[in-house]
Amino acid sequence: MREFLLILRGDGMNHLSPDELQALFANYQKWVAELGEQYLGGQRLEEEGALLTNPTEEILTDGPFLASKEIIAGYFMIQAADQAEANEIAKRSPHLGLYQIEVRSLVFPKMK
Amino acid sequence: MSTHTNPLVEHLFRTTAGKMVAALTRLFGTSYIQLAEDIVQDTLITAINHWSTDKIPEQPEAWLWQVAKRKALNEMQRKKMILRYHQGELAGSESYHQEIDTIFLSHEIADSQLRMIFTCCHPSLNTASQIALTLKTLCGFGIKEVARALLSTPSTINKRLYRAKQKIRQSEIPFLIPSGKKLAPRLEAVCLSLYLLFNEGYNASTGNQLIQKELCLEAMRLTKILVDHFPEQDTLSALLALMCFHSARFEARLDDKGAIIIFEEQDRSKWNRDLITEGMLYLSRSTQGSLLSAYHLEAGIAAAHCLADSFAATNWASIKKQYQLLHRLKPNPIILLNLAIIESQLNGKRASLQTLSHLAKAGDLANYYLLPATQGIFSLQLKDYPQALLFLEQALQLTDSASEIAFIQQKIQACRVAMAN
């Protein structure tokens, strides 16, 4: 098993109505339940933050400093046998369509 | 992992969102309705993230309020500079925490919703904006849902809401329940807006049945909040009675396939007796004073229909009298159309057709589908088939509604069959 980071970009859920969010919730719950042990965690990120490029340059802060579809909304950590399985898991996620999902493997083998 | 399988109460997010936007607007002031909406949106997203990966809390609604409160406090600290002025007028020396705790008490939530109703229906906004804003903020509808319900487009609704909020900011509309001399005209505006909201749902000839019904239910829910707070306001009780009577007939208006059933042929056993009883209760409450509003008359007419055991047993004379009074209060060619239809019950269809043709000549209802449709149906019933065909084909040109077109075509078919025999 390898670990994958699913990076979600966009602001899709901001545009859903309360009824739509409640409907999405059921699918979201199902997705996590089906993943079982393969689901390792996840978090949303605040839209504001800072972007640093080098120690001397000024810090770009108090965003959103990117176009909304480029903002990282959050991430999931999952376990999958390989890239193909990780992609499949991302495909089944109810977030896809609302967000762009980047599926990236942690470098293998992971050093403890 | 998700182990909790209790489903959420239907529309929990929507109803809670409506309440939370009202409570947060009370905290921030009417200039910050958008901020209140953003915090509520973020609260709901936080909820589905947590509940999906953990479990649904025992009391989901209380959980939502708790999170909204934390987010609001965070936001107030962040925007201290802007909000301090408002806090001063609202709570004196009380801290944010005490203030927010008071506002989030359950009885204060109803109070906040009342303030929100008066804000959304403020006379400085036109009725189209009032209705859209009410649906968005008080009823928890999304932009797309408001557009679908009002048969408009999301971008039109978006612009309308944006301008309405801007207007509220510029006019510095206070978040208050009006009192004294100011109350009567403000209540009148609120009644009209809720009446129109209800009619959007009840009379829509196109669109999604389910959504249309939601509009009616929401209009009734909001009117009830008002009636509870102002039990002595007869007009409000009359309006609520009217809504009860109309809603009672909601299910009987269409058959299993969604086709229109004309009033005369509706199955009266499908009328909702509980709603009729409730309507009678509010109607009797509405006659405490001497005031007779258009809502009283419309409720009276609807009650007369609901109380008749059959179409034939309807008290047409009483209904006619109330329509005549109504026409004196608010003259309107549709009332004249209704009077002409009632005439068919009192003096026969030929007399009624004569009146209808005068109405048609007057031209006020030139684009109103129900006028030629009624003429067509009466002519058909009098076996004057060629004339009926002319009227029905005229009616066909005046509607886009699939169910109305199907209904007219069925009548045209009946004419053709009769003419061939």
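From the N terminus on, the elements of chain A follow the order β-α-β-β-β-β-α-β. That gives two helices and six strands. Helices (H or I, at least four residues) and strands (E, at least two) are DSSP runs, numbered from the N terminus. The model is predicted: local features need pLDDT of at least 70, side-chain atom pairs count only at pLDDT 80 or more, and totals for chains, interfaces and linings use all residues. Residues are numbered from 1 along each chain as its sequence is written, while chains are lettered from A and ligands numbered from 1 in the order in which they are written.

The C-alpha trace of chain A spans about 45 × 45 × 20 Å along its principal axes. Of the 112 residues in chain A, 25% are buried. A residue is buried if 20 or more other C-beta atoms lie within 10 Å of its own, exposed if 12 or fewer, and partly exposed in between; C-beta atoms are placed from the backbone. Contacts were also computed. Two residues are in contact if their C-beta atoms, placed from the backbone, lie within 7 Å. Among contacts in chain A between residues at least 6 apart in sequence, 77% join residues at least 24 apart.

Chain B has 20 helices and zero strands. Its C-alpha atoms fill a box of roughly 80 × 55 × 35 Å, taken along the principal axes. Buried residues make up 39% of the 421 residues in chain B. Of the contacts in chain B with a separation of 6 or more, 62% involve residues 24 or more positions apart.

The two chains touch. In this interface, 21 residues of chain B are in contact with 18 residues of chain A. On the chain B side, α1 (12–28), α2 (33–53) and α8 (143–149) each supply at least two residues. Helix α2(B) gives the most, with eight residues. The chain B side divides into 10 nonpolar, eight polar and three charged residues. Here Ala, Val, Leu, Ile, Met, Phe, Trp, Tyr, Cys and Pro count as nonpolar, Asp, Glu, Lys and Arg as charged, and the others, Gly among them, as polar.

Helix α2 of chain B also holds B:I33. B:I33 counts as buried because it has 26 C-beta neighbours inside 10 Å. B:I33 touches B:T25, B:T137, B:K165 and B:I168, not counting residues up to four places away in sequence. The C-alpha atoms of B:I33 and B:A22 are separated by 8.4 Å, and these residues are 11 apart along the chain.

Nonpolar cores were examined next. Such a core is a set of buried Ala, Val, Leu, Ile, Met, Phe, Trp, Tyr and Cys residues joined through C-beta atoms within 7 Å. The largest has 105 residues, of which B:L24, B:I117 and B:F245 touch the most other members. Helix α12 (residues 234–248) of chain B contributes the largest share of this core, 10 residues. B:I117 touches B:L138, B:V190, B:L222 and B:L226, leaving aside residues up to four places away in sequence. A second, separate core of 19 residues includes B:L337, B:L359, B:I377 and B:F391.

Helix α12(B) also packs with another helix. The axes of α10(B) (residues 183–203) and α12(B) come within 11 Å and cross at roughly 5°. Axes are lines fitted to C-alpha atoms, for helices over the stretch in contact, and angles run from 0 to 180 degrees between N-to-C directions. The two helices are therefore roughly parallel to each other. Angles under 35 degrees count as roughly parallel, over 145 as roughly antiparallel, 65 to 115 as roughly perpendicular and the rest as oblique. From α10(B), the contact takes B:C191, B:L194, B:Y195, B:F198 and B:Y202. From α12(B), the contact takes B:T235, B:L236, B:L239, B:M243 and B:H246. These residues divide into eight nonpolar, two polar and no charged.

Chain B is divided into domain 1 (231–331) and domain 2 (343–421), with bounds from an automatic or database domain assignment. The C-alpha centres of these domains lie 25 Å apart. Their contact takes five residues from domain 1 and six from domain 2.

Two loop residues complete the description. B:L151 lies between α8 and α9 (154–170) of chain B, and its phi is near 50°, a positive value in a residue other than glycine. B:L151 is partly exposed, with 13 other C-beta atoms within 10 Å. B:E172 lies in the loop between α9 and α10 of chain B. Its phi is near 45°, a positive value in a residue other than glycine. B:E172 counts as exposed, with 9 C-beta neighbours inside 10 Å.
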